[in-house]
Amino acid sequence: ALAFEDAVALVAARGEAYDRGPEGRMAAVFPLRLEELEPLLERAHAEGVVEAVNLNSPTQTVIAGETAGVEAAIALVEEETFAMVRRLPGRIPLHASIFRPVAEAYAAALEVAPWRTPRLTYRPNVYAIGMAQASPATLVRALERHVWCPVRWRESIDQALEDHPHAALLELGPGRVLPRLLRDGKGSGVNLLEG
């Protein structure tokens, strides 16, 4: 829905907004169901904002928020469960509500971007549904929400595979997110290319 140069400019604007935003922490907790993790997050919230920000993966839940809240949640998980915790590098509490000011700053750049009608179905992972011919307002809203709202990675992948059962998913970068998200369920037989 954008020319390449315009998309690159938006990536730069997002990075600048992230750099000006509040610092925090992210951590992956696994294997622990969200229903078991939520009471611990509620208790840790007394120390600072902490939220589940990557929902419905069968293997992990990512938490994010203020550093004190995330560290308090990590301590509770380690004291009261057999789950493992991996602190994610960086100081950006992506998908957490404390990052909403960043989304609002980024939305200003999104709103003036020269959007076109998308050729393909847009699949924002904050909604986990496909949006054919999304309007500029829909694109802006979904991209803005991605910054400060929980994402539904696994549900998004499952929905894409339901619509396109012979799809090949390509993961770029040093992380190995997709193999963990696709370990069981509908995605177990998907073609996964890593680079």
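# Reading helices, burial and salt bridges

Tutor: Start with one pair. Glu144 forms a salt bridge with Arg141, and their closest N and O atoms are 3.1 Å apart. This is a predicted model, where local features need pLDDT of at least 70, side-chain atom pairs count only at pLDDT 80 or more, and totals for chains, interfaces and linings use all residues. Residues are numbered from 1 along each chain as its sequence is written, and side-chain values use heavy atoms, leaving out hydrogens and water.

Student: What is a salt bridge?

Tutor: Side chains of opposite charge can pair when their charged atoms come close. The rule here asks for a side-chain nitrogen of Lys or Arg within 4 Å of a carboxyl oxygen of Asp or Glu. By this rule the count comes to eleven salt bridges.

Student: How far apart in helix H5 are Glu144 and Arg141?

Tutor: They are three residues apart, so about one helical turn separates them. Helices are DSSP runs of H or I with at least four residues, strands are runs of E with at least two, and both are numbered from the N terminus.

Student: Which residue forms a salt bridge with Asp158?

Tutor: Arg154 does, with the closest N and O atoms 3.1 Å apart. Asp158 and Arg154 sit four residues apart in helix H6 (residues 153-163), so about one helical turn lies between them. Both Asp158 and Arg154 are buried. Now take Glu155 and Arg152. Their salt bridge has its closest N and O atoms 3.4 Å apart. Glu155 is partly exposed at 33%, and Arg152 is partly exposed at 30%.

Student: Which residues are linked in a network of salt bridges?

Tutor: Arg25, Glu71 and Arg87 are.

Student: Which residues of H1 are buried?

Tutor: Leu10, Ala17 and Tyr18 are. Seen down the axis of H1, they fall within an arc of 100°, so they line one face of the helix. The arc is taken from the directions from the helix axis to the C-beta atoms. On the other side of H1, Phe4, Glu5, Asp19 and Arg20 are exposed.

Student: Where do the buried residues of H1 pack?

Tutor: They pack against H4 and H5. Contact means heavy atoms within 4.5 Å. In H4, the buried residues are Val102, Ala103, Tyr106, Ala107 and Leu110. They cover an arc of only 140° around the axis, which puts them on the same side of H4. These buried residues pack against helix H1 (4-20) and helix H5 (136-148).

Student: What does the secondary structure of the protein come to?

Tutor: It comes to seven helices and six strands. Buried residues make up 42% of the 195 residues.

Notes:
Buried means under 20% relative accessible area, exposed over 50%, partly exposed in between (1.4 Å probe, protein chains only).
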